[in-house]
Amino acid sequence: MRERVIIFIIFVGLTLTFSVSASESEKNGKKMSFNGYSGGMMLHAGYGQSRNFTIYDEDDVLFNGKFQGAVYGIGGAMRVMFGNHLRVGMEGYASNSKYSKFGGYTSLGWGGLLLDSKWDVKKWTIFFGGSVGGGGYKFVFIPDYNKVDNNLKDFVIDDNVSYRSYPFVAVVPFVGVEYALTQRVHIVAKIDYLFSVSKNTNDFVTGPRLFLGFMFCHLPK
C-alpha cells in the first residue's frame, strides 16, 4: 500500500509539472523541445534496515531480528532536458552494508528510468522526481560468527551460513538540489528512498540515502 501511495504522488507531481511547463512554453511561443543534457557520478551514504525475519536450522532458531546499519555506495545519472522543467534519463547505483557482529553483508545493485522536474533560482536548481527499474540483491549471514576466535574468523568455514540472492523491482522517489559552480559544472546533493515492489522479502535492507557528487551539463547556445 505504501509503495502505491508513493507512485501516485510522484505521478501526480510530474503530471502537474509537465502541464505547467507545456503551458509556459505555449505562452512563450516555444515547444517542449530539447534543452540540453547533464550527467555525472555521485557517492552516497545512509541508514538501512530490514523487516524482522527468522533464520532456522531445522527446528532451532539461529536468529530472530532485523539487519540495520550504515549503507554506502556509488553510482551516477544522466538526464536530457525538455522545455523549462522536465528531465528524462537513466540512473544506477550499487549500495553495500556490512554487519561485522554477524559476519554478514548485503549488496544491492540497481538501475532504472528516471523522470524528474527542475526549478531554477539563480545558480540553484531544485528538483524532485523518481525512478522505476530493477536490480539484484545479495544477502549473506553467519549466525555463529561470534563463537569463532577473532584470529580465525577469516579462515573458518561455518556450516550455518545463510546466502540469498534474488532480483527485485524498485520505485525510488527523490528530492535534491544543484548549485552551478560554472555553466557546465554543478554540485549536486539529493536524498532518495528505494522501495522494493516485488514479492515481500523481510531480509531486504533499505532506507534513506544522501548523495553528493558532480554533474557536467551541456546547454544549447
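Hi everyone, first some housekeeping. The model is predicted, so to speak of local features we ask for pLDDT of at least 70 and count side-chain atom pairs only at pLDDT 80 or more, while totals for chains, interfaces and linings use all residues. Residues are numbered from 1 along each chain as its sequence is written, and side-chain values use heavy atoms, with hydrogens and water left out.

Let's begin with the whole chain. Its secondary structure comes to one helix and eleven strands; these are DSSP runs numbered from the N terminus, H or I of at least four residues for helices and E of at least two for strands. From the N terminus on, the order is α-β-β-β-β-β-β-β-β-β-β-β.

How confident is the predictor? The mean pLDDT of the chain is 81, and 76% of the residues reach 70 or more, where pLDDT is the predictor's confidence in each residue, from 0 to 100. Helix 1, residues 2-27, has the lowest confidence, at a mean of 60, and strand 9, residues 185-193, has the highest, at 95. Where pLDDT is low, the predicted coordinates should not be read in detail.

Of the 221 residues in the chain, 43% are buried. Buried here means under 20% relative accessible area, exposed means over 50%, and partly exposed is in between, using a 1.4 Å probe and protein chains only. The accessible surface comes to about 12800 Å², and 62% of that belongs to carbon and sulfur atoms; areas come from the Shrake-Rupley method with a 1.4 Å probe, and for residues only the protein chains shown count as cover. As for contacts, meaning heavy atoms within 4.5 Å, take those between residues at least 6 apart in sequence: 66% of them join residues at least 24 apart.

Now please look at strand 7, residues 124-141, where we find S131. Is S131 buried or exposed? S131 is buried, at a relative accessible area of 2%. The side chain of S131 is joined to that of E91 by a polar contact of 2.4 Å. By polar contact I mean a pair of N or O atoms within 3.5 Å; within protein, one must be able to donate a hydrogen and the other to accept it, and residues adjacent in sequence count only if both atoms are side-chain atoms. Beyond its neighbours within four places in sequence, S131 also touches other residues, including W110, L113, A170 and F174.

T125 is in strand 7 too, and at 7% relative accessibility T125 is buried. Its side chain makes a polar contact of 2.8 Å with the side chain of D120. Leaving out neighbours within four places, the contacts of T125 include W119, V177 and E178.

W119 sits in strand 6, residues 104-121, and is partly exposed at 32%. I126, in strand 7, is partly exposed at 46%. Which residues make the nonpolar patch of about 390 Å²? The patch is made by W119, V121, W124 and I126, and strand 6 and strand 7 are the elements giving two or more residues to it. Patch residues have over 30% relative accessible area and no salt bridge; like charges are joined within 9 Å, and nonpolar side chains (Val, Leu, Ile, Met, Phe, Trp, Tyr) within 5 Å.

Last topic: salt bridges. Side chains of opposite charge can pair when their charged atoms come close. The cut-off is a side-chain nitrogen of Lys or Arg within 4 Å of a carboxyl oxygen of Asp or Glu, and the structure holds seven such bridges.

One of them pairs R87 with E178, with the closest N and O atoms 3.2 Å apart. R87 lies in strand 5 (residues 86-99) and E178 in strand 8 (residues 162-180), so this bridge ties together parts 91 residues apart in sequence. R87 is buried at 2%, and E178 is buried at 3%.

Another joins D203 and R164 at 2.6 Å, N to O. D203 is in the loop between strand 10 (195-196) and strand 11 (208-218), R164 is in strand 8, and the two are 39 residues apart. D203 is buried at 5%, whereas R164 is partly exposed at 34%.

Then there are R209 and D192, bridged at 2.8 Å. With R209 in strand 11 and D192 in strand 9, the pair ties together parts 17 residues apart. R209 is buried at 5%, as is D192 at 2%. Finally, salt bridges that share partners bring R79, R87, D116 and E178 into one network.
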